[in-house]
Amino acid sequence: MTDTPNTPGMNEEELDSTIILADEEGNEAAYDIADYIEVGDKEYVVLVPQDDADDEVVILRVEEDPEDEDTELFVPEEDEDVLMKVFEIFKERFADEYEFTDEDEDSLFTDAE
């Protein structure tokens, strides 16, 4: 894998998925898969919240399930530098669709409509 923002083999159907995440308190939130991005030898998924009041994307590392090679596992990435690199690539790709802000270095955006 390379640092280039290419995701070979991806089609619109694969990117049109909803993921439900739960926080530490069990509160669930729905996210859309916006993009898959490769950095180094790892792949990351960028999730965009369906709730308009939530303005932070979620970036998770994609790993293959050791028990089922057809299943992807999304796991937290601890390296802040990698997360920022993934987010920068995401901002470049989606500059026309979202209006990004850099407040407090959070991953903030709004719909560009």
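**The hairpins and their surroundings**

Modeller: Strands β1 and β2 make a hairpin with 5 residues between them, and in that turn G26 has a positive phi of about 85°. The model is a predicted one, and the values here are computed from it. The hairpin can be followed through its strands. β1 covers residues 18-22 and β2 covers residues 28-39; the two run antiparallel and are joined by 5 bridges. Two of the facing positions can be named. A22 stands opposite E28 in β2, and I20 stands opposite A30, also in β2.

β2 takes part in a second hairpin, this one with β3, and here 2 residues lie between the strands. G40 in this hairpin takes a positive phi near 65°. β3 is made of residues 42-49, and its pairing with β2 is antiparallel, over 8 bridges. V39 has K42 in β3 as its bridge partner.

D35 forms a salt bridge with R93, and their closest N and O atoms are 2.4 Å apart. This pair links distant parts of the chain, with D35 in strand β2 and R93 in helix α2 (residues 80-93), 58 residues apart. The structure holds 4 salt bridges, one of them being this pair of R93 and D35.

Next come the aromatic rings. There are 2 aromatic pairs in the structure, and one aromatic cluster is formed by F87, F90 and F94.

Last, look at the surface. A patch of negative charge is found there, where E64, E67, D68, E69 and D70 gather. Strand β5 (residues 68-76) gives the largest share of this patch, 3 residues. E69 is placed in that strand, β5.

Methods:
Residues numbered from 1 in each chain as written. Predicted model: local features only at pLDDT ≥ 70, side-chain atom pairs only at ≥ 80, totals over all residues. Heavy atoms only, no water. Phe/Tyr/Trp six-rings, centres within 6.5 Å; stacked < 30°, edge-to-face > 60°. Pairing = 2+ DSSP bridges. Helix = DSSP H or I, 4+ residues; strand = E, 2+ residues; numbered from the N terminus. Patch = residues over 30% accessible without salt bridge, like charges linked within 9 Å, V, L, I, M, F, W, Y side chains within 5 Å. Areas by Shrake-Rupley, 256 points an atom, 1.4 Å probe, with all protein chains shown as cover. Salt bridge = Lys/Arg side-chain N within 4 Å of Asp/Glu carboxyl O. Lys, Arg positive; Asp, Glu negative; His and termini not counted. Charge placed at Lys NZ, Arg CZ, Asp CG, Glu CD.
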